[in-house]
Amino acid sequence: MVLARAAAKIADDKKGEEIYILNVKKYSSLADYFLLITANSYPQIRAISEHIKKSIKEDFDLLPIHKEGKYSDSWAVLDYGGLLIHVMSLKARKFYRLDKLWENARHISFEK
């Protein structure tokens, strides 16, 4: 949860919007936590995901196990094992509705 909160704070610093940490332990075998972030443009998606990756490497000495979305203009995913970070355009977020899919998951707060 510490990693999820740190990544949420980093996304907030880069002007990410609608930032939610969801505890999905009960509902998913993919991860314990999902971090959902909305970005307003492709450059912002890249900036947020790259800054999260860089900061987590510096602060926690961790690299993502897997990355997706390098060539996508609407969605990037960083997989840290127990934490999946989704940085999405507003259009992709509304279309895929991950918030709704995981609506029973507990929301975790973070300090802005």
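In the predicted model, T38 stands opposite M88 of strand 5, within a pairing in which strand 2 (residues 33-39) and strand 5 run in the parallel sense and are joined over 7 bridges. Strand 5 is also paired with strand 4 (residues 75-79), to which 5 bridges connect it in an antiparallel arrangement, and here D79 has L84 of strand 5 as its bridge partner. Strand 4 and strand 5 together form a hairpin with 3 residues between them, and in the turn G81 has a positive phi of about 80 degrees.

Strand 5 (residues 83-89) is largely enclosed by the rest of the structure, because 7 of its 7 residues are buried. The side chains of L83, I85, V87 and S89 point one way from strand 5, whereas L84, H86 and M88 point the other way, and the residues of both sets are all buried.

The crossing in which helix 1 passes helix 2 is right-handed. Helix 1 contributes V2, L3, A6, A7, I10 and A11 to this contact, while helix 2 contributes I48, H51, I52, S55, I56 and F60. By residue class, the contact of helix 1 with helix 2 comprises 10 nonpolar and 2 polar residues, with no charged residue taking part.

Note on methods
Residues numbered from 1 in each chain as written. Predicted model: local features only at pLDDT ≥ 70, side-chain atom pairs only at ≥ 80, totals over all residues. Heavy atoms only, no water. Left-handed = near helix turned anticlockwise from the far one by under 90°. Helix = DSSP H or I, 4+ residues; strand = E, 2+ residues; numbered from the N terminus. Contact = heavy atoms within 4.5 Å. Nonpolar A, V, L, I, M, F, W, Y, C, P; charged D, E, K, R; others polar. Buried < 20%, exposed > 50% of the residue type's maximum accessible area, 1.4 Å probe, protein only. Pairing = 2+ DSSP bridges.
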